[in-house]
Amino acid sequence: MAHQAVSAWDDELVPTADGRTRAPSPDCPVEVALAAVSGRWTTLVLRNLLSGDSHSFSGLAASLPTLSDKVLTDRLRQLVSAGLVERTTTTGFPRRTTYRVTARGEELRPLLIELYRTGLALGSHDEARPGET
């Protein structure tokens, strides 16, 4: 049986030409969104940052007690570098560094909500999952 090419795009799944790619592309809007939340712990760090105005490193670490300081530092650097989180350091003593979600980072809120809802829906099926008997 021959493989058929996609002849029409689902306008809900691919509403603009940006997503009409035939191969993975870093410019595809879906790939951009996935890259923003990729990495273990990233969604949980974002979730906690989205819950309020600003957070200190120690406050974030306390809210995710099994997350190592190294990984938290890496995730925060990644998010700051992507323009999703803002890092502010005060002068004086003691110096305080806080993190808060930028307007660009707020764009991820609906995605995280949908990921949560989808995870609930996928996890609630009574059917056996692959590897389970």
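1. Ser56 stands opposite Thr98 in strand 3, and in that strand the bridge partner of His55 is Tyr99. Strand 1 and strand 3 (residues 97–101) pair in the antiparallel sense over two bridges, where pairing requires that DSSP finds at least two bridges between the strands; strands (E, at least two residues) and helices (H or I, at least four) are DSSP runs, numbered from the N terminus.

2. On the basis of these values: this is a predicted model, in which local features need pLDDT of at least 70 and side-chain atom pairs count only at pLDDT 80 or more, while totals for chains, interfaces and linings use all residues. Residues are numbered from 1 along each chain as its sequence is written, and side-chain values use heavy atoms, with hydrogens and water left out.

3. The three strands form an open, antiparallel sheet in the order 1-3-2. Strand 1 (55–56) and strand 2 (85–89) each have a single partner strand and stand at the edges, so one side of each lacks a neighbour in the sheet. Five bridges join strand 2 to strand 3, and Val85 has Val101 as its bridge partner in strand 3.

4. In helix 2, the residues Thr42, Val45, Leu46, Asn48 and Leu49 are buried, meaning under 20% relative accessible area (1.4 Å probe, protein chains only). Seen down the axis of helix 2, these buried residues fall within an arc of 165°, so they line one face of the helix, the arc being that of the directions from the helix axis to the C-beta atoms.

5. Leu76 touches Val45, Leu49, Phe57, Leu60 and Tyr99, not counting residues up to four places away in sequence, with contact taken as heavy atoms within 4.5 Å.

Methods
Buried means under 20% relative accessible area, exposed over 50%, partly exposed in between (1.4 Å probe, protein chains only).
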